[in-house]
Amino acid sequence: MKQQAFNPYLPLYEYIPDGEPRVFGDRVYIFGSHDRFGGMKFCLNDYICYSAPVTDLSDWRYEGVIYKRTQDPRTATGKHQLWAPDVIQGKDGRYYLYYCPDDKIKSIGVAVCGTPAGKYEFLGVVRDKDGGIIGERTGDTIQFDPSVFIDGDGTVYLYSGNGPRIRGQIGKEPKASVVMTLEDDMVTIKTEPKKLLPILGEENGTGFEGHEFLEASSVRKVNGRYYLVYSSVKMHELCYAVSERPNRDYRFGGVIISNCDVFEGTDRNKPINCIGNNHGGMENINGKWYIFYHRQTNGTMFSRQGCAEEIQFSEDGSISQIEVTSCGLNQVSLNGIGAYSSGLVCNLYGAKPPAISHPLAMRGQHPFITQDKPDYEPGGGTPVPKQYITNGKNGMTAGFKYFNFAGLSEISVTIRGTAKGTLAVRTAPNGKNCAEISVTPCKEWREFRGAVSIPDGIHAVFFCYEGKGKLDFLKFEFI
Ligand code: FUB
């Protein structure tokens, strides 16, 4: 690899949630929504794309805008946002982009392009053979988060739908997880939508209890089985269901990842990141399987960023839950020497347990990741923002996983703010102090250093603040 890969895997100024990884040829492409940093709604920006060689997941290339929010005639006014998309290569060799324009328009748009990374042109809306729009006909359930899979026999499956998150919502809108098939034109349905996974209210006796389908369908075939990754009613977790058939009989498989790193049924059953929605998918890249997911930043659910981790399949086809890390696609631990942005933090919490990411709930009460300048587009001529942790108060823990240390002697932190106290450095959140860095108030960014004693080998690093006042935390360096 040319350089190290991190989580988030894209530049820290990019906010691409709902990322579907797709390998086309020798590159992996990320098709996701596009949040605007500092936005107060989901997906305020046009779809953009990044790609990387399958052999170097550190080397992401910006492909530019691939589809504008206003290209679909239904959204031409610019008042709608484009929510989670997916892209598949059709049998004609062209690439088809599927999306729902937010939760106000309950049907699926399709755009097409001769190359994976755009620019896409609007093709149509998914309809039945009589022209009826799927999602708008009497008796239809609403369409949401479309995702496509083409099986070995050429059948094109379109998955879609969402469910209620809390019981009181049941019955307000006709919702379901559904699967239908498409004609070769990729826009007309061949078979009607039929129910697939249980939503809240349909779970009893299904094995999905507690992990009912919410949204974010995404299907891949692995060793002859179909794996449907979805986001459950808990929002923060991506689960999988598995079947021997692409369009029926899915069994609950388990949780693959929780973006607040909750491992139910273990002593790690408390959130250690702010809680928010999650969406992604899995992909085989150069012989290894990865799960792509997103994290929340800026104390809201509207500035989300893509992350990824390697996953393993057991002999019996099951996938164990993996933890969130700072090193993700790097495949090995990060260098134990050098400087790192605090934006790579993978566990971040304060004295109070993390809450659902929402401006009113988060701001003021919890530490969160933010940046020092407005939303940035590559080539837009505006300055490149720097990401940092803000609102760090007494009891803040900021964890980074993992580094391979050899002969570490000193650690520096670059902070600013009114903080007066100690940043303790530990290899476990409640472990012993490996360094104690005294910090004092400073208006501008300032570096503080401390001698450190961390044994050689692979360790996590946690910065734990004890003191008065608040700090912003920009970066740290292992020396
Ligand atoms: O990004 C907008 C919506 O949030 C997606 O469509 C959902 O899956 C959730 O991630």
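Here are some questions and answers about this predicted model.

Residues are numbered from 1 along each chain as its sequence is written. Because the model is predicted, local features need pLDDT of at least 70 and side-chain atom pairs count only at pLDDT 80 or more, while totals for chains, interfaces and linings use all residues.

Me: Which residues touch the most other members of the largest nonpolar core?
Reply: Okay, a nonpolar core is a set of buried Ala, Val, Leu, Ile, Met, Phe, Trp, Tyr and Cys residues joined through side-chain atoms within 4.5 Å. Buried means under 20% relative accessible area with a 1.4 Å probe, protein chains only. This core has 35 residues, and strands such as strand 27 (420-426) and strand 30 (457-468) each give two or more of them. The ones touching the most other members are Leu 423, Phe 463 and Phe 473.

Me: Is Cys 434 buried or exposed?
Reply: Cys 434 is found in the loop between strand 27 and strand 28, strands being DSSP E runs of at least two residues, numbered from the N terminus. Its contacts (heavy atoms within 4.5 Å), leaving aside neighbours within four places in sequence, include Val 425, Ala 451 and Ile 454. With a relative accessible area of 10%, Cys 434 is buried.

Me: How many Å separate the C-alpha atoms of Cys 434 and Ser 453?
Reply: Along the chain, these two are 19 residues apart. Ser 453 is also among the residues in contact with Cys 434. Their C-alpha atoms are separated by 5.1 Å.

Me: Which strands stand at the edges of the open sheet of 4 strands?
Reply: The order is 9-10-11-12, with antiparallel pairing, where two strands pair if DSSP finds at least two bridges between them. Strand 9 and strand 10 (residues 156-162), for instance, pair over 4 bridges. Each edge strand has a single partner, so one side of it is left without a neighbour in the sheet. The edges are strand 9 (147-150) and strand 12 (189-195).

Me: What is the bridge partner of Ile 150 in strand 10?
Reply: Strand 9 and strand 10 run in the antiparallel sense where they pair. In strand 10, the partner of Ile 150 is Val 156.

Me: Which element gives the largest share of the lining of the second largest pocket?
Reply: That pocket is lined by 29 residues, with Ile 272 and Tyr 349 among those nearest its centre. Strand 22 (347-349), strand 25 and strand 30 each give two or more residues to the lining. The largest share, 5 residues, comes from strand 30.

How values were computed:
Heavy atoms only, no water. Buried < 20%, exposed > 50% of the residue type's maximum accessible area, 1.4 Å probe, protein only. 1 Å grid on protein atoms, 1.4 Å probe; cavity = no way out; pocket = protein on both sides within 12 Å on 5 of 7 lines; lining within 4 Å.
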